[in-house]
Amino acid sequence: MLPFSQYLRELLETKQLTVSALSRLSGVERTTLSKTLAGQRVLPYDAMDGLIRHLHLTPEEERRFRAYYDEQFEKKGLRRSREMVGRLFSELAELNFTMPPFAETRLLMSLEQYAGDRSVFSGASNVQPLLRMVLSEELMRADARIDLTVPPVNSFLSDELLRRCLDGGLDADIRQIIAFDASGSAEDINLHNLECFCRILPICLLSKRRYQPYYYYDSSLSSLYTDSFPYFLVTHSCVVCLFENGEQAMLLRGRDQIEYYRRHFQNLLEHCYRLIQYTDDPVKILMSYDDHTDENGFYMIMDQPCFGRFYNEGVIDRYLKKELSFYEPLREAAQRRFIRLRQIERFYTLFSRGGIERFLESGALDDFPSAYVKPFPAEQRRKLTMALVAEIRRGGITGRMLKPGVFPDYLSMTTSARSGAGFFTTENFALQDGFSYIRIRESDLCRAFHGYLSHLPVSGQTLSADQTAEILEQMAQER
């Protein structure tokens, strides 16, 4: 996002005003405006209304103007964390799930032939082929298992695991231990830890629940530089020890060495926490959504809007399929959930135009598929959509339509200021056998994702409330 001074400069150019002219019209001193435009001082708050009035800002321009102004008082880490999360979701939105254009070239030699008598490999051009070969040989096994402590910010292995997920070739149990940085203030978002998580979330989503990350806190990450090979990867056939930058590796193939590192990894796990939790149980998923609802706030982003505020007991009984073996517990969880959603004060639902179009066409819900919930008939779709329009216009719901490419259409996210964040792959997810709910509890990461979601309505990445309501109303009337 542009700094306030830059945005003010763009507005002056757009409105064809000089600094002197704006100063004369608004009563703000010319020197003050000049220093604000140069980024040398913060504009006094009481000058804002005059500038907004004399710049003839539209509602959207005013919203962005105030948002940029407020950001000057935020910590830099908060802005950077939102940028990192935004980049993550933009990249997830661009993932290509189609069949790869070619299969991975078969191995031309075994690990034994490639390595020969060598145990130390130097340079990326030697280490990366070694790692690819080690992964390929392990993934040929029916009982493939990989344990690693390599940090996700060392991007080669993360990228390689993600590529194999997308190619459908990551059929292995993978456990990874990640050292989270414990330095810094408790109020600040640790960007190192957030970067680590952003690199592994795509693997979590695509691994069919077979990737398990763990973490611990370390306040002396810099001491790793005194160890030649502080990280390692273990398979059935070998251990690869790695230097911090990933450009030096040591290959160990002795059975006693492999067993030692397996035991060492297991011992490390005893001092770690699970970073995420998976479930594909619809009752647990609904309960988890409820766990992410604060006492006075609900925050959700998904391709379709959340209509949960408008579901009553009659709607639940009419559309929830009674033949489900878990019907009663699901019905009870749904009733508790939607009673709560009707009572909370702050209700955020952020969605795309494509998602609402799909709902109005089919009546099917992305987050609760037709296997569980009957599609809504046309009249009920219009009724729900118009109820959402009325609440957006009244200000009872913060409902915003996302601009294209902001968030993937196969994912939903709920966040809480106090109790975690959850990611749920929906009906649009290409790998249906990987369909699951992922929950994180690590407080620093949860704050980062909650800050991102709650800031979206003023970020410039959504339409305004009026624009959103107008489009929804028009779409509902056309059906």
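Does R64 count as buried, partly exposed or exposed, and at what relative accessibility? In this predicted model, local features need pLDDT of at least 70 and side-chain atom pairs count only at pLDDT 80 or more, whereas totals for chains, interfaces and linings use all residues. Residues are numbered from 1 along each chain as its sequence is written, and side-chain values use heavy atoms, with hydrogens and water left out.

R64 lies in helix 5, residues 59-71 (helices are DSSP runs of H or I of at least four residues, strands are E runs of at least two, both numbered from the N terminus). With a relative accessibility of 28%, R64 counts as partly exposed, the class between buried, under 20% relative accessible area, and exposed, over 50%, for a 1.4 Å probe and protein chains only. The C-alpha atom of R64 is 8.8 Å from that of Y7, although the two residues are 57 residues apart along the chain.

Helix 2 (residues 19-26) packs with helix 3 (residues 30-37) at an angle of about 130 degrees, the axes being 9 Å apart; axes are lines fitted to C-alpha atoms over the stretch in contact, and angles run from 0 to 180 degrees between N-to-C directions. The two helices are therefore oblique to each other, a class left after angles under 35 degrees (roughly parallel), over 145 (roughly antiparallel) and 65 to 115 (roughly perpendicular). V19, S20, L22 and S23 of helix 2 meet R30, L33, S34 and L37 of helix 3, where contact means heavy atoms within 4.5 Å.

Strand 4 (residues 211-218) and strand 8 run antiparallel and are joined by 2 bridges, pairing being assigned if DSSP finds at least two bridges. Y214 stands opposite R274 in strand 8.
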